[in-house]
Amino acid sequence: IRQRTGAHRWGLYEDPASDNSYVETFLVDSWQEHLRQHQRTTATDQQIQESIRTYLAEGTEPAASHLIWAY
């Protein structure tokens, strides 16, 4: 999904120090490109993201943070 909506690199990492803790990373060319990704979400993308939520511990939500390259 991330690459289809404009990311040129994607990864999923597991934290070995924490049970069931994963980090998704992806790179886009700019902050504007990332904002456009939100507009490119399809109904199928939304279904996939909802099915992923079934793996979350009850009562939790995914956490998001954004890092921007420091020139």
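These legends describe views of a predicted model of one protein chain.

**View 1**
Start at the N terminus and follow the chain: the elements run β-β-α-α. The C-alpha atoms fill a box of roughly 35 × 35 × 20 Å, taken along the principal axes. Take the contacts between residues at least 6 apart in sequence: 34% of them join residues at least 24 apart.

**View 2. The surface of the chain exposes about 6500 Å².**
Carbon and sulfur atoms supply 53% of that area. Of the 71 residues, 10% are buried. The chain carries 6 positive and 10 negative side chains. The centres of these two sets lie 12 Å apart.

**View 3. Gln37 sits in helix α1.**
This helix covers residues 31–39. Is Gln37 buried or exposed? Gln37 has a relative accessible area of 5%. Buried means under 20%, so Gln37 counts as buried. Which residues does Gln37 touch, leaving aside its neighbours within four places in sequence? Gln37 is in contact with Arg2, Thr5, Gly6, Ala7, Phe26 and Val28.

**View 4. Gln37 and Ile1 are 36 residues apart in sequence.**
In space, their C-alpha atoms are 9.5 Å apart. Ile1 also belongs to a nonpolar surface patch, shown in the next view.

**View 5. Ile1, Ile48 and Ile52 make a nonpolar surface patch.**
Where does Ile52 lie? Ile52 is found in helix α2, which spans residues 43–52.

Terms used. Residues numbered from 1 in each chain as written. Predicted model: local features only at pLDDT ≥ 70, side-chain atom pairs only at ≥ 80, totals over all residues. Heavy atoms only, no water. Patch = residues over 30% accessible without salt bridge, like charges linked within 9 Å, V, L, I, M, F, W, Y side chains within 5 Å. Areas by Shrake-Rupley, 256 points an atom, 1.4 Å probe, with all protein chains shown as cover. Salt bridge = Lys/Arg side-chain N within 4 Å of Asp/Glu carboxyl O. Helix = DSSP H or I, 4+ residues; strand = E, 2+ residues; numbered from the N terminus. Buried < 20%, exposed > 50% of the residue type's maximum accessible area, 1.4 Å probe, protein only. Contact = heavy atoms within 4.5 Å. Lys, Arg positive; Asp, Glu negative; His and termini not counted. Charge placed at Lys NZ, Arg CZ, Asp CG, Glu CD.
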